[in-house]
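Let's walk through this protein together, one feature at a time. Have a look at the sequence and the 3D picture, then read on.

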Amino acid sequence: MIPEKDLKISLKELSLRGQKIIAQQSEISFAQALEQVQRLKKISKVNPELKRSRLNS
């Protein structure tokens with residue numbers, strides 16, 4: 001079992017990790033980003049009931 005202290009991460013450290021990951025990714029155009037979003041929406045298998053409940057929150 002992993003000790004609890006090893007599982008904790010500060011918000012600052014989490015943010016820095018995210019920044020490093022984003023910095024390593026190649027840039028894409030707006031058109032490419034839009035195409036990727038549309039593709040993800042098309043293949044998404046989210047239950048429609050969950051979508052509605054999230055909108056009402």
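## A pair one turn apart

Arg17 and Glu13 sit four residues apart in helix α2, so about one helical turn separates them. (Helices here are DSSP runs of H or I with at least four residues, strands are runs of E with at least two, and both are numbered from the N terminus.) In this predicted model, the two side chains meet in a salt bridge, with 3.1 Å from N to O. That term means a side-chain nitrogen of Lys or Arg within 4 Å of a carboxyl oxygen of Asp or Glu. By this rule, the count comes to one salt bridge.

How covered up are the partners? Arg17 has a relative accessible area of 46%, and Glu13 has 36%. Both labels come out as partly exposed, the class between buried (under 20%) and exposed (over 50%), using a 1.4 Å probe and protein chains only.

## A nonpolar patch

Ile9, Leu11 and Leu14 make a nonpolar surface patch of about 310 Å². Patches take residues with over 30% relative accessible area and no salt bridge, joining nonpolar side chains (Val, Leu, Ile, Met, Phe, Trp, Tyr) within 5 Å and like charges within 9 Å. Ile9 lies in the loop between α1 (4-7) and α2 (11-24), and is partly exposed at 35%.

## The whole chain

The protein has four helices and zero strands, in the order α-α-α-α. Of its 57 residues, 0% count as buried. Its accessible surface is about 6,200 Å², with 57% belonging to carbon and sulfur atoms; such areas come from the Shrake-Rupley method with a 1.4 Å probe, and for residues only the protein chains shown count as cover.

## About the model

Residues are numbered from 1 along each chain as its sequence is written, and side-chain values use heavy atoms, leaving out hydrogens and water. This is a predicted model, where local features need pLDDT of at least 70 and side-chain atom pairs count only at pLDDT 80 or more, while totals for chains, interfaces and linings use all residues.
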